[in-house]
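Have your viewer ready and follow along, one selection at a time. Each stop tells you what to pick and what you will find there.

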Amino acid sequence: MSQPAMIDPVVSLHNVTKTYSRGGTEVSVLKDLSFVIPAGTFLAIMGPSGSGKSTLLNVMAGIDRPTSGSVVVAGTRLDGLSEGDMARWRARHIGYVFQTYNLIPVLTAAENVELPLALTHLSRRERADHVKTALRLVGLADRMDHYPRQLSGGQEQRVGVARAIVSDPTMILADEPTGNLDRESADDILTLLARLNRELGKTIVMVTHDPRAAERAQMIRHLEKGLLEMPP
Amino acid sequence: MTLLRLMLRNTIRRPVRLTLTIGGLAMVVLAFGLLRLTLDEWHSGVKAAANNRLITVHAMSDSLQLPLAYKERLAVIPGVQLVHYGNVFGVEYRDAKESFGAFAEQMGTFFETYPEILLSEGERLALLKDRSGCLIGWKLAARFGWKLGDVIPLKGTTHPGNWELVVRGIFHSKNPAIMGEGELYMHWQVANERLKTTAPDRVDQVGWYVATTAPGANPRTVVAAIDATFANSFAETRTEREQAYIAGWVARAGALLDALHWLSGVMNGIAALVLVNALAMAVRERTREYGVMKTLGFQPRHLVALVLGESLLVALGGALVGLALLYPAARIYAVMVAGGKTVGTYEITAETVGLCLGVMVLVGVVAALWPAVRLSRMTTLEGLRHRG
């Protein structure tokens, strides 16, 4: 995937390895990965369970730290940041979409979407405007006051996407965003992600094991046993 | 605002658990409040004591008697303006369970010595005129339904025999901690005369003298002068200012008071454990949500604020419910204690309310510490991987 002609890479990984210790045995999850992701890319990373897809996504999000190597995302080298600085950085640059939606059940759809904005200096009115815009974008403007338990799985995930984009992050990371959805809802979410990439120019990295989902991305890369398959 | 909403909704998320936790805390606050009332009651006399009253008792023991003859010698000591004396007058009404505080007082000096007594002039004169008359506090009158003119049949314990006293006055007290409104006062002379036939060896003896100092007199000098007057006599005296005398009684109950203080501390510990348990359960259940929040960019301090806020809300809820219960409970408590030996004031002071609230705030903070530390140490990944 490394393309010398590319400008403005949003993600740049250099010799990244990640090793876990399980029962006294060292398990290599990521093996010496080096690649860049240019701005505005919609990339799908595929691979079987345990191939290291989610670990790679978490490393890019600053949720997990590599054992060695450097990770530069949105112009910031992540491996030197403290937990607090990492959280601050993540609030500015990363929108994260979870497989299991992970909405806060005691907050309404609008309040869930507003949550990341609590970390900004926006006024109440500005926050409300951002929330409305995000929910309108995902087609849930009429469900603002519904609690997660009052929404279908597909709608919950759309709220999750709205929450990921509401603070206008540099990049959206989606971990199996359609893994818990039926075909129709999954298509809706993938269409939404493709629109965000196409119309708003968002850089999106999606991890999936579903080939149909991956087909919606501009680029597909396979991760096998910790190694990223390079384009032929 | 979003975080505040989240804190409030998290607090009420499990209504049954919340109700039980607040109920548990309220019971602790109630018990703590009642203990404080008891302690306040013990100390109220010390605070309320008059500056110009000196108490003189037997140097060896309060239970030993002093000769009546000391009265004249006390009266001429420089700085002494008035000398009053009295005895305990132990009685039972109907049966032993219906006893109350009763005292035989020299009525000629009683009202001047204790201006705390609020009584109509007519009742005061009626009492002074009737040697078989007695004065009762309004709480005692209310307890047994006694009214002016009623004849009260009593069985003497310190002064053997049956007594029939006529209620000539029902008083209120400006200062119930000193002049209890659940007590009875009768003529010392009448009690003394009965002793001539029932216990002749105890005639003309008093339990205590109360010397009122003259304006401008130095109480310390007068105290020293009184005890010096009776030094090396067969009944030496111990004289103290009223405040010191009452404080001495409180100090003698020191072990009991210490135990009550310890008990208060234990109760607060129980409250903290109740809250820690509830919070720990809540935080464990929401660990994944906290992981999600960290993913969104929230920092440990935000999560600590959420947990601390929730802990304080629940603790204050417990405090408010407990205080709401404390007011009626204090009245019931006062009546129950009145059924025993004495009737106290048992008033809930602003200090008690403040203490209950302050202690529960402290409990709220302490209870939040462990869950807050856990959340601070938890990495984002640990939070996201948690399966509650």
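Start by selecting A:Tyr147, which sits in the loop between helix H4 (124-137) and helix H5 (153-165) of chain A. Helices here are DSSP runs of H or I with at least four residues, strands are runs of E with at least two, and both are numbered from the N terminus. Before going further, please note that this is a predicted model, in which local features need pLDDT of at least 70 and side-chain atom pairs count only at pLDDT 80 or more, while totals for chains, interfaces and linings use all residues. Residues are numbered from 1 along each chain as its sequence is written, chains are lettered from A and ligands numbered from 1 in the order in which they are written, and side-chain values use heavy atoms, with hydrogens and water left out.

Which residues is A:Tyr147 in contact with, leaving aside its neighbours within four places in sequence? Select A:Pro105, A:Val106, A:Leu107, A:Thr108 and, from the other chain, B:Arg9; contact means heavy atoms within 4.5 Å.

**Across to chain B**

Now show both chains. Here 28 residues of chain A are in contact with 23 residues of chain B. The two chains bury about 2,400 Å² between them, 62% of it on carbon and sulfur atoms; this buried area is the accessible area (1.4 Å probe) lost when the two parts are put together, summed over both.

For the charged pairs, pick A:Glu111 and B:Arg5, whose side chains meet in a salt bridge at 3.0 Å, N to O. The term stands for a side-chain nitrogen of Lys or Arg within 4 Å of a carboxyl oxygen of Asp or Glu. Between chain A and chain B the count is three salt bridges.

Next, colour helix H2 (83-93) and helix H3 (109-114) of chain A, the elements that give two or more residues to the side of chain A that touches chain B. H2(A) gives the most, with six residues. Coloured by class, that side of chain A shows 15 nonpolar, five polar and eight charged residues. In this scheme Ala, Val, Leu, Ile, Met, Phe, Trp, Tyr, Cys and Pro are nonpolar, Asp, Glu, Lys and Arg are charged, and the others, Gly among them, are polar.

**Back inside chain A**

Select A:Lys202 and A:Asp168, another salt bridge, at 2.4 Å, N to O. A:Lys202 is in the loop between helix H6 (183-200) and strand S8 (203-208) of chain A, and A:Asp168 in the loop between H5 and strand S7 (171-175) of chain A, so the pair ties together parts 34 residues apart in sequence.

Then turn to the open sheet of four strands in chain A, ordered S2-S1-S4-S5 with antiparallel pairing. Its edges are strand S2 (25-38) and strand S5 (76-77), each pairing on one side only. Pairing requires at least two DSSP bridges between two strands. Ten bridges join strand S1 (residues 9-22) of chain A to S2(A), and A:Ser12 stands opposite A:Val36 in S2(A).

**Last stop: chain B strands**

Which residue of S11(B) is the bridge partner of B:Phe103? Select B:Tyr185. Strand S6 (residues 102-105) and strand S11 (residues 184-187) of chain B pair in the parallel sense over four bridges. B:Leu135 also stands opposite B:Tyr185, and strand S8 (residues 133-137) of chain B pairs with S11(B) in the antiparallel sense over three bridges.
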